[in-house]
Amino acid sequence: MSNPLVSVIIPTYKRVNYLKLTLDSIINQNFQDFEIIVIDDGSPSDENLILCNNYKKVYYIKIENSGGPAKPRNIGIKEAKGKYIAFVDDDDLWLPSKLEKQIAILEQNLDFGLVHSCCEIIDEKGVAKNEIIGRPGTPDVKHGNVSLRMMGNWTIMSSTPLVRKEVIEKVGFFNEKMLPAGEDVEYWTRTSFCTKFYYIDKPLVQYRVHNNNISNQKTKYLQLPLYLKSVLENQLELKIIDKKQFQLLLNNLCKMQIRTFKNGFFKTLKNLFLIDSKWIIKPNNIKMMIFLFIKK
């Protein structure tokens with residue numbers, strides 16, 4: 001397809017059975033003007049290639065193993081031809097109306113550069129667990145100009161957003177220097193400073209929970225607040241935020257780091273001083289640390 005409206009990017013590694021289900025959920029969308037770019041991160045067999053050859057809309061690329069989804073996503077971005085770009089994890093499923101609803105929103109709301117939603121949780125066998133993930137207390141939390149509400153508090157569910165390509169070009173690429181955990185949080189946080197988010201408070205994606213989810217590897221997230229601090233410092237340098245907003249978000253990162261202490265107490269302490277040397281004199285931070293310590 002030479003000029004698709006949407007480019008769908010799927011990084012994958014050794015999950016051919018899940019990948020087939022993911023591809024089928026995209027192929028069965030109500031909206032059909034899309035291309036699918038599958039980037040295989042060095043799977044040891046040709047199973048993914050054989051699978052992808054069965055789909056006319058799938059463009060398959062295989063690279064040497066990079067150890068995470070950042071590089072495959074970046075390659076997908078470089079190859080994408082669509083006006084809009086969507087990302088999908090290779091174990092998640094799209095509900096049939098996802099693209100149709102999201103395209104209508106972006107076409108009618110030109111001041112929004114991204115539309116996203118919450119997810120329905122399914123287990124490794126695809127059975128719905130009657131749970132929703134990614135839903136805020138009130139929808140406005142994740143809607144509009146979210147940059148001062150997002151950092152350190154929440155992120156986008158990575159299989160849900162549809163993004164204007166012009167926004168992607170402004171934000172740049174996923175950070176390939178990070179561990180394969182949290183690179184999506186860092187990316188969507190950067191995106192929040194570039195455009196408004198449109199939040200749909202209905203699940204458009206089924207998020208699969210299983211033992212191999214990267215999100216289960218908690219220790220890998222210990223460094224994430226430091227990467228987010230770099231994002232924050234860049235926004236201050238570019239004068240996108242002022243010093244007061246910088247301090248507000250910096251304290252959010254301290255709280256985010258404090259919440260990781262069960263996964264590495266001494267590493268958390270070290271990182272807290274790297275984020276803000278004055279974190280310890282702020283009463284709410286100490287109270288939070290004590291509460292979590294007692295709870296432990």
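The largest nonpolar core of this predicted model has 33 residues, and Val6, Val8, Ile10, Leu23, Ile36, Val38 and Leu162 are those with the most contacts inside it. A nonpolar core here is a set of buried Ala, Val, Leu, Ile, Met, Phe, Trp, Tyr and Cys residues joined through side-chain atoms within 4.5 Å; buried means under 20% relative accessible area, exposed over 50%, and partly exposed in between (1.4 Å probe, protein chains only). In soluble globular proteins, nonpolar side chains tend to be buried together.

Residues are numbered from 1 along each chain as its sequence is written. Because the model is predicted, local features need pLDDT of at least 70 and side-chain atom pairs count only at pLDDT 80 or more, while totals for chains, interfaces and linings use all residues; side-chain values use heavy atoms, with hydrogens and water left out. Helices (H or I, at least four residues) and strands (E, at least two) are DSSP runs, numbered from the N terminus.

Aromatic residues come next. The structure holds nine aromatic pairs, where rings of Phe, Tyr and Trp (its six-membered ring) pair if their centres lie within 6.5 Å, and planes under 30 degrees apart count as stacked, over 60 as edge-to-face and the rest as tilted. Phe87 and Phe174 form an edge-to-face pair, 5.4 Å centre to centre with 80° between the planes. This pair links distant parts of the chain, 87 residues apart: Phe87 belongs to strand E4 (residues 84–87), and Phe174 to the loop between helix H6 (165–171) and helix H7 (183–192). Phe87 is buried, with a relative accessible area of 2%, and Phe174 also counts as buried, at 4% relative accessibility. In the pair of Phe112 and Tyr198, the ring centres are 5.2 Å apart and the planes stand at 70°, so this pair is edge-to-face. Here too distant parts of the chain are linked, with Phe112 in strand E6 (residues 112–122) and Tyr198 in strand E9 (residues 196–208), 86 residues apart. Phe112 is buried at 8% relative accessible area, whereas Tyr198 is partly exposed at 23%.

Phe87 and Phe174 also belong to one aromatic cluster with Tyr187 and Trp188. Tyr187 and Trp188 are among the buried residues of H7, a helix that is mostly covered, with 10 of its 10 residues buried. Phe174 has a further partner in Asn74, which, leaving aside neighbours within four places in sequence, is in contact with Phe173, Phe174 and Glu176. Asn74 sits in helix H3 (residues 70–79) and counts as buried, at 2% relative accessibility.

Attention now turns to helix packing. Two packed helices are described by the angle between their axes and the distance between the axes. Axes are lines fitted to C-alpha atoms, for helices over the stretch in contact, and angles run from 0 to 180 degrees between N-to-C directions. Helix H8 (residues 224–237) and helix H9 (residues 243–258) pack at an angle of about 175°, with their axes 10 Å apart. H8 and H9 are therefore roughly antiparallel to each other (angles under 35 degrees count as roughly parallel, over 145 as roughly antiparallel, 65 to 115 as roughly perpendicular and the rest as oblique). Among the residues making the contact are Leu228, Leu232 and Leu236 of H8 and Phe246, Leu249 and Leu253 of H9. By class, this contact has 10 nonpolar, one polar and three charged residues; Ala, Val, Leu, Ile, Met, Phe, Trp, Tyr, Cys and Pro count as nonpolar, Asp, Glu, Lys and Arg as charged, and the others, Gly among them, as polar.

H9 also packs with helix H10 (residues 265–275): the axes come within 9 Å and cross at roughly 175°, which makes H9 roughly antiparallel to H10. In this contact, Leu250, Leu253, Cys254, Gln257 and Ile258 of H9 meet Thr268, Asn271, Leu272 and Ile275 of H10. The classes are six nonpolar, three polar and no charged residues.

Notes: Contact means heavy atoms within 4.5 Å.
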